[in-house]
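The exercises below concern one structure. Work through each task before reading its solution.

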Protein chains: 2
Amino acid sequence: MPDRIDSMLDFLVLADRFKSVERRAYVADGSRRENSAEHSWHMALCGLLLAEDIGFDVDLGRALSMILVHDLVEIYAGDAFAYDAKARAEAVEKEEQAARRLFGSLPPDLGRRLEQLWREFEAHETPEARLAYACDRLQGFLQVYISGGKSWAEAMVTREMTRKRTAPARETDPFIDGLIERIYARIEKAGFWNDAGIAVGAGRGVTPRLSDA
Amino acid sequence: MPDRIDSMLDFLVLADRFKSVERRAYVADGSRRENSAEHSWHMALCGLLLAEDIGFDVDLGRALSMILVHDLVEIYAGDAFAYDAKARAEAVEKEEQAARRLFGSLPPDLGRRLEQLWREFEAHETPEARLAYACDRLQGFLQVYISGGKSWAEAMVTREMTRKRTAPARETDPFIDGLIERIYARIEKAGFWNDAGIAVGAGRGVTPRLSDA
């Protein structure tokens with residue numbers, strides 16, 4: 001039997017694989033897709049920046065912890081594309097199995113703690129989970145904006161589909177709603193959608209404010 | 001003048017570039033180097049796992065916040081290799097300039113908050129900063145172990161150099177010391193160093209415990 005230190009160490013070694021779980025959206029220059037470790041970091045930064053502006057109190061340590069581990073089951077289950085209903089339906093059972101395997105490999109107290117954080121995130125009912133969930137939708141949306149809509153154009157994602165996808169985040173808090181609507185305003189200006197409301201992408205360089213970047 | 005939402009949004013867009021800041025250590029399969037966003041996420045996971053086992057109390061929200069932003073100035077300043085003394089000496093002034101530019105772009109209250117977190121990390125005196133700093137050294141060391149010592153072999157890093165580099169983390173807390181010594185035991189067993197104590201690398205597959213992975 002591995003002891004506490006061996007179990008934690010093996011878990012931290014395994015966690016490296018999270019950096020190879022590919023998501024759909026690209027990084028800014030379109031050269032590669034973002035991975036789940038990057039997504040989680042970026043999403044945690046969103047949580048950190050938003051925590052003081054939202055209209056409800058959160059325990060930041062719990063919210064950030066939740067964000068850091070919310071997708072960890074993807075190490076075994078993979079990422080299901082936001083606009084692939086079949087993949088998302090199948091993901092539920094795959095992620096349950098992955099959770100048993102993943103959290104079961106930790107010392108029991110730590111395994112329980114991480115599993116609870118993951119389940120709390122999935123239920124998105126507590127203040128911390130509501131913030132985390134909103135940040136998930138926000139970062140996913142933001143990343144497509146950052147990368148010029150390339151992944152939406154590939155999948156012909158419509159304006160309407162993204163409206164449904166961002167709704168839970170917009171409804172979570174007026175400040176987050178304002179942030180997402182600002183992204184929509186920029187996206188509309190950049191012409192991400194054609195007249196039929198289907199994504200065509202705006203290519204690189206949708207970040208005109210960062211001209212010195 | 002950009003308003004609060006525009007400033008935050010521009011900052012979150014800019015943050016994507018953190019995913020393109022290359023570090024020295026590789027991911028497990030050696031196919032590419034790790035980037036700073038992945039490092040920060042992995043390091044935050046270390047902090048989250050260690051928080052209950054270390055012998056001092058930390059405010060987890062502050063510790064994780066610090067970890068998430070501790071290297072953010074690299075967006076402008078780049079990463080300085082741990083074993084390149086010249087690059088590290090030059091990094092101090094470059095990072096100060098980067099901090100002014102980076103944190104100065106945020107709404108003042110948020111800019112101050114992030115800058116304070118960064119300075120607190122750099123001083124590594126408070127309990128949160130001590131944990132964060134130890135996790136930085138731990139993750140850096142762990143990542144080289146995970147990737148079979150490839151980046152050490154490239155730079156002919158000696159056992160002695162790594163001992164100096166990990167000392168601050170080992171001295172922070174006995175539990176962290178135990179974790180790092182366990183990694184050393186595995187590394188010695190895998191033969192990362194030659195008889196002169198110079199890194200030769202152990203190739204891929206240093207994670208025998210994860211044979212089903």
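A residue is buried if 20 or more other C-beta atoms lie within 10 Å of its own, exposed if 12 or fewer, and partly exposed in between, with C-beta atoms placed from the backbone. This is a predicted model, in which local features need pLDDT of at least 70 and side-chain atom pairs count only at pLDDT 80 or more, while totals for chains, interfaces and linings use all residues. Residues are numbered from 1 along each chain as its sequence is written, and chains are lettered from A and ligands numbered from 1 in the order in which they are written.

**Exercise 1. Decide whether A:Leu12 is buried or exposed, and find what A:Leu12 touches.**

Step 1. Locate the residue: A:Leu12 is in helix α1 of chain A. Helices (H or I, at least four residues) and strands (E, at least two) are DSSP runs, numbered from the N terminus.

Step 2. Count neighbours. A:Leu12 has 22 other C-beta atoms within 10 Å, so A:Leu12 is buried.

Step 3. List the contacts. Two residues are in contact if their C-beta atoms, placed from the backbone, lie within 7 Å. Not counting residues up to four places away in sequence, A:Leu12 touches B:Leu45, B:Cys46 and B:Leu142.

Step 4. The buried residues of α1(A) include A:Met8, A:Leu9 and A:Phe11. The buried residues of α1(A) pack against α4 (74-77) of chain A, together with α2, α7 and α10 of chain B.

**Exercise 2. Describe how α1(A) and α10(B) pack.**

Step 1. Take the geometry. Axes are lines fitted to C-alpha atoms, for helices over the stretch in contact, and angles run from 0 to 180 degrees between N-to-C directions. Helix α1 (residues 4-14) of chain A meets α10(B) at an angle of about 70°, and the axes are 10 Å apart.

Step 2. Classify the angle. Angles under 35 degrees count as roughly parallel, over 145 as roughly antiparallel, 65 to 115 as roughly perpendicular and the rest as oblique. The two helices α1(A) and α10(B) are therefore roughly perpendicular to each other.

Step 3. Name the residues. A:Ile5, A:Asp6, A:Met8 and A:Leu9 of α1(A) make the contact with B:Gly178, B:Leu179, B:Arg182 and B:Ile183 of α10(B).

Step 4. Sort them by class. Ala, Val, Leu, Ile, Met, Phe, Trp, Tyr, Cys and Pro count as nonpolar, Asp, Glu, Lys and Arg as charged, and the others, Gly among them, as polar. This gives five nonpolar, one polar and two charged residues.

**Exercise 3. Work out the relation between chain A and chain B, and describe the surface of contact.**

Step 1. Superpose the copies by least squares on the C-alpha atoms of residues with pLDDT of at least 70 in both. A rotation of 180° with 0.0 Å of shift along its axis places chain B on chain A (RMSD 0.0 Å). That is the relation of a two-fold axis. In chain B, the C-alpha nearest the axis belongs to B:Gly61, at 1.7 Å.

Step 2. Compare the two sides: 100% of the contact residues of chain B recur in chain A, and the same surface serves both copies.

Step 3. Count the residues. Chain B and chain A each give 43 residues to the contact. On chain B, the elements giving two or more residues are α1 (4-14), α2 (36-50), α3 (60-69), α7 (127-146) and α10 (174-190). Of these, α2(B) gives the most, with 10 residues. The side of chain B that touches chain A has 26 nonpolar, seven polar and 10 charged residues.

**Exercise 4. Which residues have the most contacts inside the largest nonpolar core?**

Step 1. Define the core: a set of buried Ala, Val, Leu, Ile, Met, Phe, Trp, Tyr and Cys residues joined through C-beta atoms within 7 Å.

Step 2. The largest nonpolar core has 134 residues, and A:Ala44, A:Leu138, B:Ala44 and B:Leu138 have the most contacts inside it.

Step 3. Examine one of them. Not counting residues up to four places away in sequence, A:Ala44 touches A:Leu64, A:Ile67, A:Leu68, B:Ala44 and B:Leu68.
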